[in-house]
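Subject: Structure handover

Hi,

Here is the structure for you to open. My notes on it follow below.

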Amino acid sequence: MEVINAIGRRKSSVARVYLSEGTGKITINKKDLTEYFPSAILQYVVKQPLNLLECAEKYDIKVNLDGGGFTGQSQALRLAIARALVKVNEEDKKALKDQGFLTRDSREVERKKPGRPKARRRFQFSKR
């Protein structure tokens, strides 16, 4: 099997994934998964598509992660891994889609407008 690449995005995070056959090693920006995401919850989020298809020990995953915070990065990585797994085996698409792992969460931060303190917040009104 050749190397399969996929991309995942969430907020301002971008995850580029390179999936190849191996022993289940996940490397993010040249660091191990447990080193990059010390939180067990975020590690669980990243491994969700692999655990669903029971192929966590079948593939080695190399990741380039950029932008955003740790939660957005973990969710971008989950999307990228799910997309890569669909490229490997098309029959897994329904199972991943039913769990919502192939849905791109398009919510982004709204920009700040001029003459306001935040995106929608207005300065306090003063009658006198």
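Which two strands form a hairpin, and how many residues lie between them? Strand 1 and strand 2 do, with 2 residues between them. Strands here are DSSP runs of E with at least two residues, helices are DSSP runs of H or I with at least four, and both are numbered from the N terminus.

Two points on the source. This is a predicted model, in which local features need pLDDT of at least 70, side-chain atom pairs count only at pLDDT 80 or more, and totals for chains, interfaces and linings use all residues. Residues are numbered from 1 along each chain as its sequence is written, and side-chain values use heavy atoms, with hydrogens and water left out.

**Overall**

The protein has 4 helices and 5 strands. From the N terminus the order is β-β-β-β-α-α-β-α-α. The C-alpha trace spans about 70 × 30 × 25 Å along its principal axes. The radius of gyration, taken over C-alpha atoms, is 18 Å, whereas a compact globule of 128 residues would be near 14 Å. That globule figure comes from a rule: 2.2 Å times the number of residues to the power 0.38.

Of the 128 residues, 34% count as buried. Buried means under 20% relative accessible area, exposed means over 50%, and partly exposed is in between (1.4 Å probe, protein chains only). The accessible surface is about 8600 Å², and 48% of it belongs to carbon and sulfur atoms. These areas come from the Shrake-Rupley method with a 1.4 Å probe.

Contact means heavy atoms within 4.5 Å. Take the contacts between residues at least 6 apart in sequence: 68% of them join residues at least 24 apart.

The 5 strands form an open sheet in the order 1-2-5-3-4, with mixed pairing. Two strands pair if DSSP finds at least two bridges between them. The edges are strand 1 (4-10) and strand 4 (31-32), each pairing on one side only. Helix 3 (residues 70-88) packs on this sheet. Helix 3 touches strand 1, strand 2 (13-21), strand 3 and strand 5 (59-66). The direction of helix 3 makes about 145° with that of strand 1. Axes are lines fitted to C-alpha atoms, for helices over the stretch in contact, and angles run from 0 to 180 degrees between N-to-C directions.

Strand 1 and strand 2 run antiparallel and are joined by 7 bridges. Isoleucine 7 has arginine 16 as its bridge partner in strand 2. Strand 3 (residues 26-28) and strand 4 are also antiparallel, joined by 2 bridges. Threonine 27 stands opposite aspartate 32 of strand 4.

In a regular strand the side chains alternate between the two faces of the sheet.

**Two positive phi values**

Most residues other than glycine have a negative phi. Lysine 11 has a positive phi of about 55°. Lysine 11 lies in the loop between strand 1 and strand 2. At 46% relative accessibility, lysine 11 is partly exposed. Glutamate 54 also has a positive phi, near 55°. Glutamate 54 sits in the loop between helix 2 (40-53) and strand 5. Glutamate 54 counts as exposed, at 71% relative accessibility.

The structure holds 1 aromatic pair. The rings of tyrosine 36 and phenylalanine 37 have centres 5.1 Å apart and planes at 90°, so the pair is edge-to-face. Rings of Phe, Tyr and Trp (its six-membered ring) pair if their centres lie within 6.5 Å; planes under 30 degrees apart count as stacked, over 60 as edge-to-face and the rest as tilted. Tyrosine 36 is partly exposed at 21%. Phenylalanine 37 is buried at 1%.

Glutamine 73, in helix 3, is buried at 9% relative accessibility. Beyond its neighbours within four places in sequence, glutamine 73 contacts Ser13, Tyr36, Phe37, Leu65, Asp66, Gly67 and Gly68.

Glutamine 43 is in helix 2. At 16% relative accessibility, glutamine 43 is buried too. Not counting residues up to four places away in sequence, glutamine 43 touches Leu33, Thr34, Phe37 and Pro38.

Best wishes
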